[in-house]
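Welcome, and please open your viewer. We will go from one selection to the next, looking at what is there.

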Amino acid sequence: LEHMRKGLPLDGKKVLITAGPTHEAIDPVRYIGNHSTGLMGVELARKAAVLGAEVTLVLGPSALAIADAYIKVLKVTSADEMFDAVMGEYKEADIVIAAAAVADYKPKTAAQEKIKKKSEHLTLELVKNQDILQTLGKSKKNQFLLGFALETENELSNALSKLKKKNLDAIVLNSLKDEGAGFGGKTNKITFIDKNSSIKSFDVKTKADVAVDIWNEIIDRLHA
Ligand code: CTP
Ligand code: CA
């Protein structure tokens, strides 16, 4: 079947995608996490495979199952594990999409034993996680680097400053304000912004259809 992939838009391209939440351990039975399901990144991986790419999906804790001969899945739990998995694949990649909802902070130390209920108050000290995407931006060579921005206010200007700060080729703004958009759900409302500040807004769609729009925008820019 290999010959049938020749001539597809992403034939010969290596695509690296992060997806899902991360879980940051508090103790052996508890964590800090978020509501990401991983679906947007998984749909991007599926479409990339259909378009001819060889895909590596670095996937945080997610209930989704992927069975695709052209998608290699690296399962991770924490942001630190995601960082290591991504760094191991980055040099080889042609296109990188950071769709993961990485926890911004982790507990400074994870307790070895289950924390017992004692006083009325419990304070957890949190420290910042490494920014995976920003690290990729710093050592970018020929990769096309796409990030996501999840914003609730000053959406466009925040997304644009993330694009610049992280040295991205483009960023997908996820509008949480709109009905049917964002985390956990089956649909998204996105705006695609590239490094030349070209801005394109899309209607609310299923994440599978959003993935098609995103790949169309990326493919348009690959030879630019
Ligand atoms: N990201 C990452 N590593 C992190 C945090 C974020 O790779 N430790 C990536 C996300 O996958 C996304 C992009 O950076 O592609 C933007 O994530 P977002 O949470 O919107 O922005 P932050 O830079 O974390 O800033 P803030 O949450 O304060 O808005
Ligand atoms: Ca964040």
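Start by selecting Lys162, which is found in helix α4 (residues 155-165); helices (H or I, at least four residues) and strands (E, at least two) are DSSP runs, numbered from the N terminus. This is a predicted model, in which local features need pLDDT of at least 70, side-chain atom pairs count only at pLDDT 80 or more, and totals for chains, interfaces and linings use all residues. Residues are numbered from 1 along each chain as its sequence is written, while chains are lettered from A and ligands numbered from 1 in the order in which they are written.

Is Lys162 buried or exposed? Lys162 is buried, with 20 other C-beta atoms within 10 Å. A residue counts as buried if 20 or more other C-beta atoms lie within 10 Å of its own, exposed if 12 or fewer, and partly exposed in between, with C-beta atoms placed from the backbone.

Now show what Lys162 touches: leaving out residues up to four places away in sequence, these are Gly147, Ala149 and Ile171. Contact here means C-beta atoms, placed from the backbone, within 7 Å.

Next, select Lys166, in the loop between α4 and β10 (170-175). Lys166 is buried too, with 21 other C-beta atoms within 10 Å. Its contacts, not counting residues up to four places away in sequence, are Leu133, Gln134, Gly137 and Gly147.

Finally, move to ligand 1. Of the 15 residues around it (C-beta atom, placed from the backbone, within 6 Å), Ala98, Val102, Ile132, Leu133 and Gly147 come nearest. Strand β9 gives the most to this shell, with four residues.

Terms used:
Contact = placed C-beta atoms within 7 Å.
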